[in-house]
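Here is a short report on one protein chain. Keep the sequence and the 3D view open as you read.

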Amino acid sequence: MSSPDPQVRAARNHSTPGGSRGPVVAVTGAATGVGALLTERLAASDEVKQVLAIDERRGECDAAQWHILDVRDPAIADKLRGADVVVHLALDLDLGSDAAARTAYNVRGTQTVLTASAAAGVRRVVLCTSSMVYGALEDNELPLSEDAELRATAEATGVGDLLEIERLARRAPRAHPGLNVTVVRPAVLVGGTDTALTRYFESPRLLVVAGSRPAWQFCHVEDLCSALEYAVLEKVDGELAVGCDGWLEQEEVEELSGIRRMELPSAVALGAAARLHRIGLTPSPAGDLAYTMYPWVVSGSRLHDAGWRAQWTNEEVLAELLEEVAGRHTVAGRRLGRKDATAAGAAGATVALLGAAAVVRRARKARRRV
């Protein structure tokens, strides 16, 4: 592992205008989403000396020093020289992405960033996955501790990638002695995000699987950024779960949202979701449904013990989410145009999709008989 040159060491020891001796922080995925918000936040902080922003295009934060490249490019090691901390946020979790290409980008990108960080003499890497890695299971404790076993499977959108990133995070300190890795796991993320879980609230009816016991916990992107800043400034480390305090029961969500439920037997809901995804009518695999059926609420005790507090409540985040999705129409994870949604109606839209799946299935059987 190469060590920083004398100029870099001098830069690290140089005081900021505010008198602090803060770290040099590199942020990948800095042009959009959470990466852009964190870059702006860190660039404005008196506790951070400098922000190195890395993305495939330039973002809007003029206070950061920009490097334009793909995070899978080994040349990123040169761009990270002089950084004390790297926050890796260049992940593709888009519902519309090809699954194989998405996994290749997420896993290879994380591998490259970890290896490059070690080679550049970075002392800490902060990764961001999701509390989904704990799994949504009927016997989950309420809430889960950070040390709870990661029992998720790769059956939900992007969760397989996140589990692999978690494995890379655990192996990295052994492969690269001296490299500290912190993993931040947000609950349902809200604030300019588009996921299978935020699309759940775009539906004309909230699908409830009979016999399930969902518990909803949200995380606003502003709270995620403040938690990431805590990790950057080494106020807390290890595996960190982040979300609003407490959770909402399904009945509370329905009352607050004003959206009525549509209850289906488990076999019907899961079977239909699997068929619709298999024939390409919806972007969400059946595994996504588990996260609307069973609890995966986290305590966030490590952040709380370090003095961090969520600034948003679950009720406030849900209200913002409902405002964001107003006017969108989604059934079984699939976005419909306004005309489609109006013509199909509420429950009728679901019936139409289920009917389409049945028609395709019958057509396939007919072709096999010919």
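## A buried helix

Start with helix 2, residues 33-43, where V34, G35, A36, L38, T39 and L42 are buried. Buried means under 20% relative accessible area; exposed means over 50%, and partly exposed lies in between (1.4 Å probe, protein chains only). Helices (H or I, at least four residues) and strands (E, at least two) are DSSP runs, numbered from the N terminus. An α-helix has 3.6 residues a turn, so residues three or four places apart point the same way.

What covers these buried residues of helix 2? The cover includes strand 1 (24-28), strand 2 (50-55) and strand 4 (85-88). Strand 7 (188-190) and helix 7 (221-232) are also part of the cover.

## About the model

This is a predicted model: local features need pLDDT of at least 70, side-chain atom pairs count only at pLDDT 80 or more, and totals for chains, interfaces and linings use all residues. Residues are numbered from 1 along each chain as its sequence is written, and side-chain values use heavy atoms, with hydrogens and water left out.

## The whole protein

The protein has 13 helices and 15 strands. Of its 370 residues, 51% count as buried. The protein exposes about 16,600 Å², and carbon and sulfur atoms supply 50% of that area. Accessible areas come from the Shrake-Rupley method with a 1.4 Å probe; for residues, only the protein chains shown count as cover.

Now look at contacts, meaning heavy atoms within 4.5 Å. Take the contacts with a separation of 6 or more: residues 24 or more positions apart account for 77% of them.

## One buried threonine

T112 sits in helix 4, residues 99-120. Is T112 buried or exposed? T112 counts as buried, because its relative accessibility is 10%. Leave out residues up to four places away in sequence, and T112 touches V71, R72, D73, P74 and I76.

## Salt bridges

The structure holds 20 salt bridges. A salt bridge is a side-chain nitrogen of Lys or Arg within 4 Å of a carboxyl oxygen of Asp or Glu. One of them joins R81 and D78, at 3.6 Å from N to O. R81 counts as partly exposed, at 37% relative accessibility.

R123 forms another with D84, and their closest N and O atoms are 3.3 Å apart. R123 lies in the loop between helix 4 and strand 5 (124-128), and D84 in the loop between helix 3 (76-80) and strand 4, so the pair ties together parts that are 39 residues apart in sequence. R123 is partly exposed at 37%, while D84 is buried at 5%.

R302 pairs with D147, with 2.5 Å between the closest N and O atoms. This pair links distant parts of the chain, 155 residues apart: R302 is in helix 10 (residues 301-305), and D147 is in the loop between strand 5 and helix 5 (159-175). R302 is partly exposed at 26%, whereas D147 is exposed at 57%. Some salt bridges share partners, and these join D84, R123, R124, E234 and D237 into one network.

## A negative patch

E249, E252, E255, E315 and E316 gather in a patch of negative charge on the surface. Helix 8 (250-257) and helix 11 (314-325) each give two or more residues to this patch. Patches are made of residues with over 30% relative accessible area and no salt bridge: like charges are joined within 9 Å, nonpolar side chains (Val, Leu, Ile, Met, Phe, Trp, Tyr) within 5 Å.

E249 belongs to strand 12, residues 248-249. E249 is partly exposed, with a relative accessible area of 35%.

Conventions: Lys and Arg count as positive and Asp and Glu as negative; His and the chain ends are not counted. The place of a charge is taken as NZ of Lys, CZ of Arg, CG of Asp or CD of Glu.
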